[in-house]
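Student: Could you walk me through this protein? I'd like to go one question at a time.

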Amino acid sequence: MVAFCGFLSARFAVLIQTCYFCRSKKPGKSIIEMEVIRISPEEYRQLFCSPRIVYDSVAFSQLNAYKCEALHCLLFAEGGRPRLGLVAGERGGGLAAPFSAPFAALECNSDQRVEHVEEAVRLLA
């Protein structure tokens with residue numbers, strides 16, 4: 001978990017590091033039930049219209065799409081409610097985030113609980 005924090009913004013990394021050992025749920029069991037959905041760049045742009053980091057924007061990713069085989073806009077949703085998003089590039093049969101920038105982060109429109117971030121990371125693994 002902590003090794004993956006390099007992909008997350010500093011804010012999420014601090015939350016995960018401070019709350020990871022405080023959880024009362026059983027290891028390996030997820031209380032949050034989210035799904036990861038591949039959506040179009042237009043849908044992603046509408047859902048996450050004000051990215052906090054330019055490297056996470058659809059425009060930046062599309063500008064650098066030649067550096068990967070395919071561009072994937074991923075939505076992490078819980079019960080149909082958008083929670084988090086990530087733009088990743090497909091390279092060598094795997095997903096890379098970042099694929100053309102110094103770093104990448106999970107995008108959100110509002111503050112999310114640590115459990116949502118943990119579940120998104122688990123879904124990527």
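Predicted model: local features only at pLDDT ≥ 70, side-chain atom pairs only at ≥ 80, totals over all residues.

Tutor: Residues are numbered from 1 along each chain as its sequence is written, and side-chain values use heavy atoms, with hydrogens and water left out.

Student: In which sense do S2 and S3 pair?

Tutor: Strands are DSSP runs (E, at least two residues), numbered from the N terminus, and two of them pair if DSSP finds at least two bridges between them. S2 covers residues 70-78 and S3 covers residues 81-91, with nine bridges joining them. Leu-71, for one, sits opposite Gly-89 in S3. The sense is antiparallel.

Student: Which residue in the turn between S2 and S3 has a positive phi?

Tutor: S2 and S3 make a hairpin with two residues between them. The phi in question is about 60°, and it belongs to Gly-79.

Student: Which residue of S4 stands opposite Glu-90?

Tutor: S4 spans residues 94-96 and pairs with S3 in the antiparallel sense over three bridges. Opposite Glu-90 you'll find Leu-95.

Student: How much space lies in the largest cavity?

Tutor: A cavity is a set of points on a 1 Å grid over the protein atoms alone where a 1.4 Å probe fits but cannot get out. Points join across faces, edges and corners, and the volume is the space filled by probe spheres set on them. There is one cavity of 30 Å³ or more. The largest cavity holds about 70 Å³.

Note on methods
Helix = DSSP H or I, 4+ residues; strand = E, 2+ residues; numbered from the N terminus. 1 Å grid on protein atoms, 1.4 Å probe; cavity = no way out; pocket = protein on both sides within 12 Å on 5 of 7 lines; lining within 4 Å.
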